[in-house]
Amino acid sequence: MEMLLMGLCMSVFGLGVAALAFGAATRSESSDATVQPELPLVTAAAPARFFSDRVPVPPAVLPRQVPIEILLMQIENHVRLEQAAAESFVEFPTQALLHSKTTSPFVN
Amino acid sequence: MTHDLLNGLPSAEIEGILALGTRLIVPAGTSLFRLGDTADRLFLTERGRIRLTLPMQVRGKEEEILVEERSAGQTVGWSALIPPYRFTLTAHAPLESEVIALPREALREHFSAHPAVGYKIALNLAIVMGHRLQLFQTMWVREMQRAVEVRSA
């Protein structure tokens, strides 16, 4: 009986040691397998914008500057439309006509 | 040709006024007067068009911006009758135009001799000036309204 118990204890101890050894062996293998791939280094960090007033707009988003001749024509067109609107108001003064909308690109 | 400045005058009186003036051909693209010039003549437009402009900075360059355009029958340059007798706009013709230039001194002498004509012309001038004032105060309020909307948006 004593011998049987001794044998049982030794087997349980041996099994525990074997389990520990197996666990240690498998942990090291899995940690090696989960090593993250090396990421490329970020050479220029983006500027922090949390407290910045100005958010830089990418150049591609900026509207193209119209030629000066076109701009001058638009100004003249705006003046003519505004005069026509003012003429309408002077002819028949109402609050609605005073602030009537025109098709001028300067106000739309 | 009916001129806004001579409205309501008998034809004999109109002839008398026009006889004081000189007909001028303004070639296309040339100036009739410039901002700040001494205003010693009033102009009645006979044909063509006269552009009245003011200088404005556009992209760092001075450009003449249209303020008003006058055509046949309309008066240009009433600064000639109002102190300090300086033009407050530049006038030029985009196409060949014809005007009658009425010298201030000749008009003053004529009005002294014919007060009823002077009175009628003064009333017509008040109509021309009053109309322009109404137009520009309306345009000013419209621009102000937009400025307020942009500022409070």
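Modeller: Happy to, starting with E3(B) and E8(B), which pair in the antiparallel sense over 6 bridges. This is a predicted model, in which local features need pLDDT of at least 70 and side-chain atom pairs count only at pLDDT 80 or more, while totals for chains, interfaces and linings use all residues. Residues are numbered from 1 along each chain as its sequence is written, and chains are lettered from A and ligands numbered from 1 in the order in which they are written.

Biologist: Why are E3(B) and E8(B) said to pair?

Modeller: Two strands pair if DSSP finds at least two bridges between them, and E3(B) and E8(B) have 6 bridges, so they pair. In one of these bridges, Leu42(B) has Leu102(B) of E8(B) as its partner.

Biologist: What makes a stretch a strand or a helix?

Modeller: Both are DSSP runs, numbered from the N terminus: a helix is H or I with at least four residues, and a strand is E with at least two. On that basis chain B has 3 helices and 8 strands, in the order α-β-β-β-β-β-β-β-β-α-α from the N terminus. Chain A has 3 helices and 0 strands, running α-α-α.

Biologist: Which strand pairs with E1(B), and over how many bridges?

Modeller: E1(B) pairs with E8(B), residues 97-103, in the antiparallel sense over 5 bridges. Ile25(B) stands opposite Glu98(B), and Val26(B) stands opposite Ser97(B).

Biologist: Why do E1 and E6 of chain B count as edge strands?

Modeller: The open sheet has 4 strands in the order E1-E8-E3-E6 (chain B), with antiparallel pairing. E1 (22-26) and E6 (75-76) of chain B each have a single partner strand, so one side of each is left without a neighbour in the sheet.

Biologist: What makes a group of residues a nonpolar core?

Modeller: A nonpolar core is a set of buried Ala, Val, Leu, Ile, Met, Phe, Trp, Tyr and Cys residues joined through C-beta atoms within 7 Å. Buried means 20 or more other C-beta atoms within 10 Å of the residue's own, exposed means 12 or fewer, and partly exposed lies in between, with C-beta atoms placed from the backbone. The largest core has 22 residues, and those with the most contacts inside it include Leu42(B), Phe43(B) and Val99(B). E2 (31-33), E3 (41-47), E4 (49-58) and E8 of chain B each supply at least two residues of this core, and the largest share, 3 residues, comes from E3(B). In soluble globular proteins, nonpolar side chains tend to be buried together.

Biologist: How much of each chain is buried?

Modeller: Of the 153 residues of chain B, 21% count as buried, and in chain A buried residues make up 3% of 108.

Biologist: Which residues does Val99(B) touch?

Modeller: Touching means that the C-beta atoms, placed from the backbone, lie within 7 Å. Leaving out residues up to four places away in sequence, the contacts of Val99(B) include Leu24(B), Val26(B), Leu32(B) and Val76(B).

Biologist: Why is Arg59(B) called exposed?

Modeller: Arg59(B) has 9 other C-beta atoms within 10 Å, and exposed asks for 12 or fewer, so Arg59(B) is exposed. Arg59(B) sits in the loop between E4 and E5 of chain B, with a positive phi of about 50° although it is not a glycine.

Biologist: And why is Tyr85(B) called partly exposed?

Modeller: Tyr85(B) has 13 other C-beta atoms within 10 Å, so it is partly exposed. Tyr85(B) lies in the loop between E6 and E7 of chain B, and its phi, near 60°, is positive too. Pro84(B) is found in that loop, joined to Pro83(B) by a cis peptide bond with omega about 10°. Most residues other than glycine have a negative phi, and most peptide bonds are trans.

Biologist: How many residues does each chain bring to the contact?

Modeller: Chain B gives 13 residues and chain A gives 16. On the side of chain B that touches chain A, E5 (61-71) and H3 (115-152) of chain B give two or more residues, and H3(B) has the largest share, 8 residues.

Terms used: Contact = placed C-beta atoms within 7 Å.
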